[in-house]
There are 2 protein chains.
Amino acid sequence: MAAEPSDRLGFLLSFRGELTGARIRTALGVAGLHPRNAMTLMQLAPGAMSQRDLAAVLEVDPSQLVAILNELEGSGLAERRRDPADRRRHIVEITEAGEAALERVDSAVSEAERELFANLTSEEQDVLRRLLDRVVVERGDHDCSE
Amino acid sequence: MAAEPSDRLGFLLSFRGELTGARIRTALGVAGLHPRNAMTLMQLAPGAMSQRDLAAVLEVDPSQLVAILNELEGSGLAERRRDPADRRRHIVEITEAGEAALERVDSAVSEAERELFANLTSEEQDVLRRLLDRVVVERGDHDCSE
DNA sequence: TATTGTTATACTCTATAACTATA
DNA sequence: TATAGTTATAGAGTATAACAATA
(Lines give C-alpha, C1' and ligand atoms only; values in the text may rest on other atoms or scores of the structure.)
Protein backbone atom coordinates (compact mmCIF):
# COMPACT_ATOMS: atom_id res chain seq x y z
CA MET A 1 0.00 0.00 0.00
CA ALA A 2 2.47 2.62 -1.19
CA ALA A 3 0.36 4.67 -3.56
CA GLU A 4 0.11 8.38 -2.88
CA PRO A 5 -3.59 8.98 -3.37
CA SER A 6 -3.88 12.75 -3.06
CA ASP A 7 -1.84 15.91 -2.85
CA ARG A 8 -2.27 16.23 0.90
CA LEU A 9 0.80 17.33 2.83
CA GLY A 10 0.12 14.72 5.53
CA PHE A 11 0.16 11.89 3.01
CA LEU A 12 3.23 13.34 1.33
CA LEU A 13 5.15 13.44 4.61
CA SER A 14 3.93 9.99 5.61
CA PHE A 15 4.87 8.35 2.32
CA ARG A 16 8.22 10.10 1.86
CA GLY A 17 9.03 9.22 5.46
CA GLU A 18 8.15 5.60 4.84
CA LEU A 19 10.33 5.41 1.72
CA THR A 20 13.15 7.18 3.51
CA GLY A 21 12.88 4.64 6.32
CA ALA A 22 12.98 1.81 3.80
CA ARG A 23 16.13 3.26 2.22
CA ILE A 24 17.78 3.54 5.63
CA ARG A 25 16.79 -0.01 6.58
CA THR A 26 18.43 -1.16 3.37
CA ALA A 27 21.59 0.67 4.41
CA LEU A 28 21.52 -1.00 7.83
CA GLY A 29 21.12 -4.37 6.14
CA VAL A 30 24.13 -3.63 3.94
CA ALA A 31 26.05 -2.88 7.14
CA GLY A 32 25.05 -6.37 8.32
CA LEU A 33 22.47 -5.44 10.94
CA HIS A 34 18.76 -5.95 11.37
CA PRO A 35 17.19 -2.50 11.78
CA ARG A 36 16.00 -3.05 15.35
CA ASN A 37 19.42 -4.42 16.31
CA ALA A 38 21.14 -1.39 14.79
CA MET A 39 18.81 0.97 16.67
CA THR A 40 19.59 -0.88 19.88
CA LEU A 41 23.35 -0.62 19.31
CA MET A 42 22.98 3.12 18.65
CA GLN A 43 21.29 3.59 22.00
CA LEU A 44 24.09 1.66 23.70
CA ALA A 45 26.89 3.67 22.10
CA PRO A 46 26.97 6.50 24.69
CA GLY A 47 27.20 4.06 27.59
CA ALA A 48 25.90 0.89 29.25
CA MET A 49 22.40 0.80 30.71
CA SER A 50 19.97 -1.63 32.29
CA GLN A 51 17.87 -3.84 30.06
CA ARG A 52 14.69 -2.25 31.39
CA ASP A 53 15.87 1.30 30.70
CA LEU A 54 16.99 0.21 27.26
CA ALA A 55 13.52 -1.14 26.51
CA ALA A 56 12.06 2.17 27.70
CA VAL A 57 14.20 4.40 25.45
CA LEU A 58 13.67 2.08 22.48
CA GLU A 59 9.93 2.04 23.21
CA VAL A 60 9.74 -1.72 22.79
CA ASP A 61 8.26 -4.25 25.20
CA PRO A 62 10.92 -5.82 27.48
CA SER A 63 9.98 -9.22 26.07
CA GLN A 64 10.92 -8.10 22.56
CA LEU A 65 14.25 -6.81 23.74
CA VAL A 66 15.18 -10.31 24.89
CA ALA A 67 15.32 -11.58 21.32
CA ILE A 68 17.22 -8.50 20.13
CA LEU A 69 19.88 -8.88 22.81
CA ASN A 70 20.12 -12.63 22.21
CA GLU A 71 21.00 -11.86 18.59
CA LEU A 72 23.42 -9.05 19.44
CA GLU A 73 25.12 -11.22 22.06
CA GLY A 74 25.17 -14.18 19.68
CA SER A 75 27.09 -12.14 17.13
CA GLY A 76 29.33 -10.60 19.78
CA LEU A 77 28.14 -7.02 19.33
CA ALA A 78 26.78 -6.50 22.86
CA GLU A 79 27.03 -8.16 26.26
CA ARG A 80 24.73 -8.68 29.24
CA ARG A 81 26.10 -8.89 32.75
CA ARG A 82 24.39 -9.01 36.13
CA ASP A 83 24.21 -5.81 38.14
CA PRO A 84 26.04 -6.70 41.37
CA ALA A 85 23.99 -4.08 43.24
CA ASP A 86 20.67 -5.68 42.15
CA ARG A 87 21.01 -9.20 40.85
CA ARG A 88 17.67 -9.02 39.03
CA ARG A 89 19.06 -6.42 36.65
CA HIS A 90 21.12 -6.90 33.52
CA ILE A 91 23.63 -4.24 32.53
CA VAL A 92 23.85 -4.14 28.75
CA GLU A 93 27.03 -2.91 27.09
CA ILE A 94 28.23 -2.56 23.53
CA THR A 95 31.41 -4.49 22.63
CA GLU A 96 34.35 -3.38 20.51
CA ALA A 97 32.93 -5.43 17.65
CA GLY A 98 29.66 -3.59 18.24
CA GLU A 99 31.40 -0.23 17.96
CA ALA A 100 33.02 -1.37 14.72
CA ALA A 101 29.60 -2.42 13.41
CA LEU A 102 28.24 0.99 14.33
CA GLU A 103 30.95 2.63 12.24
CA ARG A 104 29.84 0.57 9.25
CA VAL A 105 26.26 1.59 10.01
CA ASP A 106 27.28 5.22 10.15
CA SER A 107 28.92 5.07 6.73
CA ALA A 108 26.01 3.24 5.15
CA VAL A 109 23.45 5.69 6.56
CA SER A 110 25.55 8.65 5.43
CA GLU A 111 25.63 7.24 1.93
CA ALA A 112 21.85 6.72 2.01
CA GLU A 113 21.34 10.31 3.12
CA ARG A 114 23.61 11.59 0.36
CA GLU A 115 21.35 9.83 -2.14
CA LEU A 116 18.09 10.86 -0.49
CA PHE A 117 18.96 14.54 -0.23
CA ALA A 118 21.14 14.85 -3.32
CA ASN A 119 18.73 17.40 -4.83
CA LEU A 120 18.80 19.67 -1.78
CA THR A 121 21.51 22.16 -0.87
CA SER A 122 22.77 22.01 2.68
CA GLU A 123 20.82 25.19 3.39
CA GLU A 124 17.65 23.54 2.09
CA GLN A 125 18.40 20.50 4.24
CA ASP A 126 18.58 22.80 7.25
CA VAL A 127 15.24 24.35 6.33
CA LEU A 128 13.71 20.89 5.97
CA ARG A 129 15.10 19.86 9.34
CA ARG A 130 13.70 22.91 11.08
CA LEU A 131 10.27 22.50 9.50
CA LEU A 132 10.11 18.80 10.40
CA ASP A 133 11.07 19.68 13.96
CA ARG A 134 7.97 21.85 14.20
CA VAL A 135 5.51 19.21 13.01
CA VAL A 136 3.30 18.27 15.95
CA VAL A 137 3.78 14.60 16.69
CA GLU A 138 2.30 14.07 20.14
CA ARG A 139 3.41 10.70 21.40
CA GLY A 140 0.55 8.54 22.54
CA ASP A 141 -1.98 5.89 21.56
CA HIS A 142 -2.30 6.49 17.85
CA ASP A 143 -3.33 3.28 16.19
CA CYS A 144 -5.96 2.22 13.77
CA SER A 145 -9.30 0.55 14.15
CA GLU A 146 -12.00 -0.56 11.75
CA MET B 1 11.07 0.99 18.04
CA ALA B 2 10.17 4.68 17.91
CA ALA B 3 13.21 6.30 19.51
CA GLU B 4 15.04 8.91 17.48
CA PRO B 5 18.64 7.90 18.05
CA SER B 6 20.59 10.68 16.36
CA ASP B 7 20.21 14.07 14.77
CA ARG B 8 20.37 12.70 11.24
CA LEU B 9 17.96 14.24 8.76
CA GLY B 10 17.13 10.81 7.35
CA PHE B 11 16.04 9.51 10.74
CA LEU B 12 14.14 12.71 11.43
CA LEU B 13 12.18 12.43 8.19
CA SER B 14 11.58 8.71 8.70
CA PHE B 15 10.31 9.08 12.28
CA ARG B 16 8.20 12.19 11.70
CA GLY B 17 6.74 10.49 8.65
CA GLU B 18 5.94 7.40 10.69
CA LEU B 19 4.21 9.43 13.41
CA THR B 20 2.35 11.46 10.81
CA GLY B 21 1.17 8.22 9.23
CA ALA B 22 0.02 6.95 12.61
CA ARG B 23 -1.94 10.15 13.19
CA ILE B 24 -3.60 9.83 9.80
CA ARG B 25 -4.43 6.15 10.38
CA THR B 26 -6.11 7.20 13.62
CA ALA B 27 -8.17 9.72 11.65
CA LEU B 28 -9.19 7.04 9.15
CA GLY B 29 -10.21 4.80 12.03
CA VAL B 30 -12.33 7.60 13.48
CA ALA B 31 -13.99 7.86 10.07
CA GLY B 32 -14.82 4.14 10.40
CA LEU B 33 -12.36 2.72 7.89
CA HIS B 34 -9.36 0.45 8.06
CA PRO B 35 -6.41 2.35 6.52
CA ARG B 36 -5.96 0.02 3.56
CA ASN B 37 -9.70 0.10 2.86
CA ALA B 38 -9.69 3.89 2.95
CA MET B 39 -6.73 4.01 0.55
CA THR B 40 -8.57 1.65 -1.78
CA LEU B 41 -11.72 3.79 -1.73
CA MET B 42 -9.63 6.87 -2.50
CA GLN B 43 -8.24 5.20 -5.61
CA LEU B 44 -11.77 4.27 -6.71
CA ALA B 45 -13.16 7.78 -6.27
CA PRO B 46 -12.21 9.11 -9.74
CA GLY B 47 -13.81 6.14 -11.48
CA ALA B 48 -14.24 2.37 -11.68
CA MET B 49 -11.35 0.14 -12.68
CA SER B 50 -10.44 -3.53 -12.94
CA GLN B 51 -9.36 -5.40 -9.83
CA ARG B 52 -5.95 -6.06 -11.35
CA ASP B 53 -5.32 -2.42 -12.20
CA LEU B 54 -6.48 -1.47 -8.73
CA ALA B 55 -3.94 -3.84 -7.18
CA ALA B 56 -1.27 -2.30 -9.39
CA VAL B 57 -1.92 1.32 -8.40
CA LEU B 58 -2.22 0.36 -4.73
CA GLU B 59 0.99 -1.67 -5.02
CA VAL B 60 -0.51 -4.62 -3.20
CA ASP B 61 -0.59 -8.24 -4.29
CA PRO B 62 -3.87 -9.16 -6.03
CA SER B 63 -4.46 -11.78 -3.33
CA GLN B 64 -4.43 -9.10 -0.63
CA LEU B 65 -6.91 -6.99 -2.53
CA VAL B 66 -9.43 -9.83 -2.35
CA ALA B 67 -9.80 -9.40 1.41
CA ILE B 68 -9.97 -5.62 1.13
CA LEU B 69 -12.75 -5.75 -1.45
CA ASN B 70 -14.62 -8.42 0.52
CA GLU B 71 -14.70 -6.03 3.46
CA LEU B 72 -15.64 -3.00 1.37
CA GLU B 73 -18.38 -4.95 -0.38
CA GLY B 74 -19.55 -6.42 2.93
CA SER B 75 -20.08 -2.92 4.32
CA GLY B 76 -21.62 -1.69 1.07
CA LEU B 77 -18.88 0.82 0.24
CA ALA B 78 -17.79 -0.73 -3.07
CA GLU B 79 -19.09 -3.25 -5.58
CA ARG B 80 -17.58 -5.84 -7.89
CA ARG B 81 -19.22 -6.73 -11.16
CA ARG B 82 -18.08 -8.92 -14.05
CA ASP B 83 -16.66 -7.22 -17.10
CA PRO B 84 -18.99 -8.35 -19.91
CA ALA B 85 -16.16 -7.93 -22.42
CA ASP B 86 -13.89 -10.33 -20.51
CA ARG B 87 -15.68 -12.46 -17.97
CA ARG B 88 -12.47 -13.15 -16.03
CA ARG B 89 -12.25 -9.50 -15.03
CA HIS B 90 -13.96 -7.70 -12.17
CA ILE B 91 -14.89 -4.04 -12.52
CA VAL B 92 -14.68 -2.41 -9.10
CA GLU B 93 -16.76 0.64 -8.36
CA ILE B 94 -17.33 2.84 -5.33
CA THR B 95 -20.95 3.08 -4.09
CA GLU B 96 -22.84 6.13 -2.83
CA ALA B 97 -22.24 4.92 0.72
CA GLY B 98 -18.57 4.69 -0.21
CA GLU B 99 -18.56 8.28 -1.41
CA ALA B 100 -20.19 9.34 1.85
CA ALA B 101 -17.54 7.43 3.79
CA LEU B 102 -14.85 9.21 1.77
CA GLU B 103 -16.32 12.56 2.80
CA ARG B 104 -15.98 11.54 6.45
CA VAL B 105 -12.42 10.44 5.71
CA ASP B 106 -11.69 13.77 4.09
CA SER B 107 -12.89 15.71 7.13
CA ALA B 108 -10.99 13.51 9.56
CA VAL B 109 -7.74 13.78 7.58
CA SER B 110 -8.14 17.54 7.28
CA GLU B 111 -8.53 17.80 11.03
CA ALA B 112 -5.43 15.61 11.53
CA GLU B 113 -3.44 17.85 9.18
CA ARG B 114 -4.60 20.96 11.01
CA GLU B 115 -3.16 19.49 14.19
CA LEU B 116 0.03 18.19 12.61
CA PHE B 117 0.91 21.45 10.87
CA ALA B 118 -0.59 23.88 13.40
CA ASN B 119 2.86 25.38 14.04
CA LEU B 120 3.55 26.09 10.36
CA THR B 121 2.20 28.99 8.33
CA SER B 122 0.68 28.09 4.99
CA GLU B 123 3.81 29.48 3.32
CA GLU B 124 5.96 27.19 5.44
CA GLN B 125 3.71 24.28 4.55
CA ASP B 126 4.31 25.07 0.88
CA VAL B 127 8.06 25.13 1.46
CA LEU B 128 7.86 21.79 3.27
CA ARG B 129 5.84 20.31 0.42
CA ARG B 130 8.32 21.47 -2.21
CA LEU B 131 11.30 20.18 -0.26
CA LEU B 132 9.68 16.78 0.34
CA ASP B 133 8.88 16.57 -3.36
CA ARG B 134 12.59 16.81 -4.11
CA VAL B 135 13.66 14.02 -1.77
CA VAL B 136 14.91 11.13 -3.89
CA VAL B 137 12.76 8.11 -3.22
CA GLU B 138 13.51 5.69 -6.04
CA ARG B 139 10.83 3.01 -6.04
CA GLY B 140 12.24 -0.46 -5.99
CA ASP B 141 13.38 -3.36 -3.82
CA HIS B 142 14.36 -1.66 -0.62
CA ASP B 143 13.94 -4.07 2.26
CA CYS B 144 16.03 -5.18 5.15
CA SER B 145 18.18 -8.23 5.72
CA GLU B 146 20.27 -9.47 8.63
C1' DT C 1 4.30 -8.12 47.43
C1' DA C 2 6.80 -5.80 43.58
C1' DT C 3 10.28 -5.87 39.97
C1' DT C 4 13.53 -7.83 36.23
C1' DG C 5 14.07 -10.64 32.78
C1' DT C 6 12.20 -14.65 30.28
C1' DT C 7 9.05 -17.83 27.92
C1' DA C 8 4.82 -18.99 25.63
C1' DT C 9 0.88 -17.76 23.03
C1' DA C 10 -1.86 -15.45 19.87
C1' DC C 11 -2.98 -12.09 16.55
C1' DT C 12 -1.99 -9.11 12.53
C1' DC C 13 0.49 -8.38 8.09
C1' DT C 14 2.50 -9.87 4.36
C1' DA C 15 4.55 -12.98 0.79
C1' DT C 16 4.00 -17.03 -1.93
C1' DA C 17 2.21 -20.82 -4.32
C1' DA C 18 -1.57 -23.53 -5.83
C1' DC C 19 -6.21 -23.54 -7.64
C1' DT C 20 -10.68 -22.03 -10.83
C1' DA C 21 -12.66 -20.00 -14.55
C1' DT C 22 -12.19 -17.77 -18.47
C1' DA C 23 -9.50 -16.37 -22.65
C1' DT D 1 -0.94 -21.74 -22.73
C1' DA D 2 -1.80 -17.39 -20.40
C1' DT D 3 -4.53 -14.30 -17.47
C1' DA D 4 -7.88 -12.62 -13.48
C1' DG D 5 -9.29 -13.61 -9.36
C1' DT D 6 -9.30 -16.66 -5.30
C1' DT D 7 -7.78 -19.70 -1.57
C1' DA D 8 -4.45 -21.69 1.55
C1' DT D 9 -0.25 -21.59 3.95
C1' DA D 10 3.71 -19.95 6.06
C1' DG D 11 6.69 -16.35 7.80
C1' DA D 12 7.78 -11.97 10.19
C1' DG D 13 6.47 -8.70 13.59
C1' DT D 14 4.15 -7.50 17.67
C1' DA D 15 1.23 -7.54 21.91
C1' DT D 16 -0.06 -9.96 26.05
C1' DA D 17 0.01 -12.95 29.88
C1' DA D 18 2.20 -16.17 32.78
C1' DC D 19 6.54 -17.58 34.95
C1' DA D 20 11.27 -17.76 37.76
C1' DA D 21 14.58 -15.27 40.29
C1' DT D 22 15.50 -11.55 43.21
C1' DA D 23 14.33 -7.55 46.01
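1. First, a definition for the contacts below: a polar contact is a pair of N or O atoms within 3.5 Å. By that cut-off A:Arg87 qualifies, since a polar backbone atom of A:Arg87 is 2.9 Å from a phosphate oxygen of DNA strand D. Keep in mind that this is a predicted model, and that the distances here are computed from it.

2. Let's start with how the two protein chains relate. In general, two copies of a chain are related by a rotation about an axis and a shift along it. Here chain A goes onto chain B with a rotation of 180° and 0.0 Å of shift along the axis, at an RMSD of 0.0 Å. The copies are thus related as by a two-fold rotation axis. As for the contact surface, 100% of the contact residues of chain A recur in chain B, so the same surface serves both copies.

3. B:Arg8 itself sits in the segment before helix H1 (9-30) of chain B. Is B:Arg8 buried or exposed? Buried, because its relative accessible area is 15% and the cut-off for that label is under 20%.

4. Another covered stretch is helix H2 of chain A, residues 35-44. Of its 10 residues, 9 are buried. The buried set consists of A:Pro35, A:Asn37, A:Ala38, A:Met39, A:Thr40, A:Leu41, A:Met42, A:Gln43 and A:Leu44. With 9 of 10 residues buried, H2(A) is mostly covered.

5. Next, the sheet in chain A. Three strands make an open sheet in the order S1-S3-S2, with antiparallel pairing. Strand S1 (49-50) and strand S2 (78-83) are the edges, each with a single partner strand, so one side of each has no neighbour in the sheet. S1(A) pairs with S3(A) over 2 bridges, and A:Met49 has A:Val92 as its bridge partner in S3(A).

6. Over in chain B, strand S1 (residues 49-50) and S3(B) are antiparallel and share 2 bridges. Strand S2 (residues 78-83) of chain B also pairs with S3(B) in the antiparallel sense, over 6 bridges. What is the bridge partner of B:Met49 in S3(B)? It is B:Val92, and B:Val92 is also the bridge partner of B:Arg80. The link from S2(B) to S3(B) is a hairpin of 2 residues.

7. Now the DNA, strand D to begin with. There are 16 residues around it, and the closest are A:Ser63, B:Gln51, B:Arg52, B:Ser63 and B:His90. Of the atoms of DNA strand D that come within 4 Å of the protein, sugar and phosphate account for 73%. On the phosphate side, B:Gln51 puts a polar side-chain atom 2.4 Å from a phosphate oxygen. On the base side, an N or O atom in the side chain of B:Arg88 is 3.0 Å from a base oxygen. The elements giving two or more residues to this surface are helix H4 (62-74) and strand S3 (86-94) of chain A, plus helix H3 (51-58), helix H4 (62-74) and strand S3 (86-94) of chain B. By class, the surface has 2 nonpolar, 6 polar and 8 charged residues.

8. Last, DNA strand C. It has 16 residues around it, and those that come nearest are A:Gln51, A:Arg52, A:Arg80, A:His90 and B:Ser63. Within 4 Å of the protein, 72% of its atoms belong to sugar or phosphate and the rest to bases. A backbone N or O atom of A:Arg52 is 2.7 Å from a phosphate oxygen, while the side chain of B:His34 has an N or O atom 3.2 Å from a phosphate oxygen. For base contact, look at A:Arg88, where a side-chain N or O atom lies 3.2 Å from a base oxygen. Helix H3 (51-58), H4 and S3 of chain A and H4 and S3 of chain B each supply at least two residues here.

Key: Residues are numbered from 1 along each chain as its sequence is written. Chains are lettered from A and ligands numbered from 1 in the order in which they are written. This is a predicted model: local features need pLDDT of at least 70, side-chain atom pairs count only at pLDDT 80 or more; totals for chains, interfaces and linings use all residues. Side-chain values use heavy atoms; hydrogens and water are left out. A residue is near a molecule or strand if one of its heavy atoms lies within 4 Å of it. A polar contact is a pair of N or O atoms within 3.5 Å; within protein, one must be able to donate a hydrogen and the other to accept it, and residues adjacent in sequence count only if both atoms are side-chain atoms. Helices (H or I, at least four residues) and strands (E, at least two) are DSSP runs, numbered from the N terminus. Ala, Val, Leu, Ile, Met, Phe, Trp, Tyr, Cys and Pro count as nonpolar, Asp, Glu, Lys and Arg as charged, and the others, Gly among them, as polar. Two strands pair if DSSP finds at least two bridges between them. Buried means under 20% relative accessible area, exposed over 50%, partly exposed in between (1.4 Å probe, protein chains only). Copies are superposed by least squares on the C-alpha atoms of residues with pLDDT of at least 70 in both. Contact means heavy atoms within 4.5 Å.
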